[in-house]
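I opened my notebook to look up how this chain is put together. These are my entries, in the order I made them.

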Amino acid sequence: MVKQVKVSNFTEVKGIVSAAAKCYNAVGVHDMKGSIADAKSILGMMSLDYSHPVKIVCEDEGDLSRIVSAIKH
């Protein structure tokens, strides 16, 4: 499953990391420059470019929904 989202601030990045940490499956985040980070790693997430939307990739649709909803709160 892939979902494209716009991340606007560091609080949203922390929300993604927190939600991904609760997932059993691997969660990846891809930026438009081609960089990929493990969504469970705050350092990896901080290395991405958020000037454009990023793609969140996860095998489980429920996990993906929880991560996307964490951004919107």
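Predicted model: local features only at pLDDT ≥ 70, side-chain atom pairs only at ≥ 80, totals over all residues.

Entry two. Which strands does β4 pair with? I found four bridges to β1, and the two strands run antiparallel. In this pairing, V2 sits opposite V57 of β4. I then counted four bridges between β2 and β4, also antiparallel. Here V27 faces C58 of β4.

Entry three. I followed β2 (residues 27–30) on to β3 and found three bridges, again antiparallel. H30 is opposite I36 in β3.

Entry four. I put the sheet together. It is open, with four strands in the order β1-β4-β2-β3 and antiparallel pairing. Why does one side of β1 and of β3 lack a neighbour? β1 (2–5) and β3 (36–38) are at the edges and have a single partner strand each, so one side of each has no neighbour in the sheet. I noted an average twist of 25° from one strand to the next.

I turned to the largest nonpolar core, which holds 22 residues. I16, V27, M45, I56 and I67 touch the most other members. At least two core residues come from each of α1 (10–21), β2, β4 (54–58) and α3 (61–71). α1 gives the most, five residues.

I went back to I56. What does I56 contact beyond four places in sequence? Its contacts include M1, V2, V5, I16, V27, L64, I67 and I71.

Terms used:
Residues numbered from 1 in each chain as written. Heavy atoms only, no water. Pairing = 2+ DSSP bridges. Axes fitted to C-alpha atoms, helices over the stretch in contact; angles between N-to-C directions. Core = buried A, V, L, I, M, F, W, Y, C linked by side-chain atoms within 4.5 Å. Buried < 20%, exposed > 50% of the residue type's maximum accessible area, 1.4 Å probe, protein only. Contact = heavy atoms within 4.5 Å.
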